[in-house]
Amino acid sequence: WNKGKRKDDRKLVLFSSRDGIVYKGKMIFMTEEQSLPVILDYESKKIRYICQLERLKKMAPIDLEIGYKHFGYFLEMSGEHVIECNLETFKFQYFPIDCHQTEDNNFALVTAEKDQILIFTREQGKLVIFEPETKERREVAYPAEMADICFTCGCCCNHQIFLIPKSGDRILSYLPDTETYKIYHLDVFIENSIHAIMAEAGIYIVSTDGVIYEFNINEQKIQQLALVKEQLKSDTVSRILPVNRKLLMLPGRGQHFYQFDLEEKIITELTVLPQDIHFDEKRKLWSKFYGYCEDSTYYYLANRVSNYYLRINKNTGEFLWTLRLSRLPDEKSYVVRDIRAFLQTIQKEAPYQIGKSYFEPLRFEEFDRPSQDLLMFLRGFLTTKDDSLIFQNAGRHIAFPASLLEEGVTRLMEL
């Protein structure tokens, strides 16, 4: 079979993830929908799966991710487990964390401090502490007056963790050294917060509708710095990143990037998208940027909806776009050993195993037109009452009925 490269095809298979971990200059993540581990090497410009599915206990959607030493910790979207992955051996272990409330949106923040993985829940009124050394978990309840607040984001600043409400006039901070909380009462009401990040004197907060706030920790004051509501119209903002005395605002819905100059107080729209960038139409309402990881030089943005990965240089503000390039193995043909299972995998848009340790997510629209025509033709045989007469030798061979032999051979010849 030939998984096509149509001339006009930019719809590369999405290695979609909400978050990522940077490790030894590479980005490692687990796919959002099926928790398949992936490694992206920016130097060789290769992306591939990094272990066999048999080594995974189950396939569950993944939300937030955090790195600690040579381990990665991946939170199931459902809040049921944290998956610990040794980033050297890619051995996986599953541990219950009891953060399930809804099927999604269970977490405000995950971070690593004081040799602990700190998992802050969104609406459950508790912090879950996971101890990597002992594999034990315990809970620290939020203060009673903050227990019913919905927290959408947070960040770490000077060994304190700050939780930002979706809407409200109080910020909650947690001090890992003493395992105590502190509440900051604000004179400005925050609305629709989506992201917070540490700054020199405190924290920058951005809302989905493009309002930027600055919270000065020492003075315990918050002020509104800028807003891009008029420019956004029906679009949204997803992330804010400080770069060289400027704040970059990344799009949620929409495709516009904005820059706020902290010294000149000017908002500028940036033209930074590659000309051949493609956004998946099926995910047009998804936030284009969600999670990210960073090292001393770059912000690495997780990719959910496009054919490019983005890095941003922290010092220069340069946007570095990496095309989702070769899939590994690349430029090869493969023998389908079970045609029936292959067709069923395409219907489910599930990963298909190629070789010993490589899995390719299969989607019908990724095939070229002659291959699609053949697949549609073969798919009709799946509804046959006894398809073992069609898919023979455990599905390795196909025997066309005499009445359809000519059509079947014609479609094969068109590949």
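This is a predicted model: local features need pLDDT of at least 70, side-chain atom pairs count only at pLDDT 80 or more; totals for chains, interfaces and linings use all residues.
Biologist: How many aromatic pairs does the structure hold?
Modeller: There are 20 aromatic pairs. Rings of Phe, Tyr and Trp (its six-membered ring) pair if their centres lie within 6.5 Å; planes under 30 degrees apart count as stacked, over 60 as edge-to-face and the rest as tilted.

Biologist: What sort of pair do phenylalanine 29 and tyrosine 309 form?
Modeller: That pair is tilted, with 6.4 Å centre to centre and 35 degrees between the planes. Phenylalanine 29 lies in strand β2 (residues 26–30) and tyrosine 309 in strand β27 (residues 308–313), so the pair ties together parts that are 280 residues apart in sequence. Strands here are DSSP runs (E, at least two residues), numbered from the N terminus.

Biologist: Is phenylalanine 29 buried or exposed? And tyrosine 309, buried or exposed?
Modeller: Phenylalanine 29 is buried, at a relative accessible area of 0%. Tyrosine 309 also counts as buried, at 1%. Buried means under 20% relative accessible area, exposed over 50%, and partly exposed in between (1.4 Å probe, protein chains only).

Biologist: Which type of pair do phenylalanine 319 and tryptophan 321 make?
Modeller: Their ring centres are 6.5 Å apart and their planes are at 25 degrees, so the pair is stacked. Both phenylalanine 319 and tryptophan 321 are buried.

Biologist: Which residues do ring pairs link into a cluster?
Modeller: The cluster consists of Phe120, Tyr142, Phe151, Tyr174 and Tyr181.

Biologist: Where does arginine 18 lie?
Modeller: Arginine 18 lies over the face of tyrosine 290, 5.3 Å from the ring centre. The charged end of lysine 135 sits over the ring of phenylalanine 71, at 5.6 Å from its centre. A charge sits over a ring if NZ of Lys or CZ of Arg is within 6 Å of the ring centre and within 35 degrees of the ring normal.

Biologist: Lysine 135 again. What phi does lysine 135 take?
Modeller: Lysine 135 takes a positive phi near 65 degrees, in the hairpin of β11 and β12, which has four residues between the strands. Strand β11 (residues 126–131) and strand β12 (residues 136–141) run antiparallel and are joined by six bridges. Two strands pair if DSSP finds at least two bridges between them. Isoleucine 129 stands opposite arginine 138 in β12.

Biologist: Which residue in the hairpin of β3 and β4 has a positive phi?
Modeller: Lysine 45 does, near 60 degrees, and that hairpin has four residues between the strands. Four bridges join β3 (residues 37–41) to β4, and the two run antiparallel. Valine 38 has tyrosine 49 as its bridge partner in β4.

Biologist: Which residues are on the covered face of β4?
Modeller: Ile47 and Tyr49 are on the covered face of β4 (residues 46–49), and Lys46 and Arg48 are on the uncovered one. In a regular strand the side chains alternate between the two faces of the sheet.

Biologist: New topic. How many cavities of 30 Å³ or more are there?
Modeller: Two. On a 1 Å grid over the protein atoms alone, a cavity is a set of points where a 1.4 Å probe fits but cannot get out, and lining residues have an atom within 4 Å of a point. Grid points are joined across faces, edges and corners, and a volume is the space filled by probe spheres set on the points. The largest cavity holds about 60 Å³ of space.

Biologist: Which residues lie nearest the centre of the largest cavity?
Modeller: Lys288, Phe289, Asn303, Ser306 and Tyr308, out of 13 lining residues. Strand β27 gives the largest share of the lining, three residues.

Terms used:
Residues are numbered from 1 along each chain as its sequence is written. Side-chain values use heavy atoms; hydrogens and water are left out. On a 1 Å grid over the protein atoms alone, a cavity is a set of points where a 1.4 Å probe fits but cannot get out, and a pocket is an open set with protein on both sides within 12 Å along at least five of seven lines; lining residues have an atom within 4 Å of a point.
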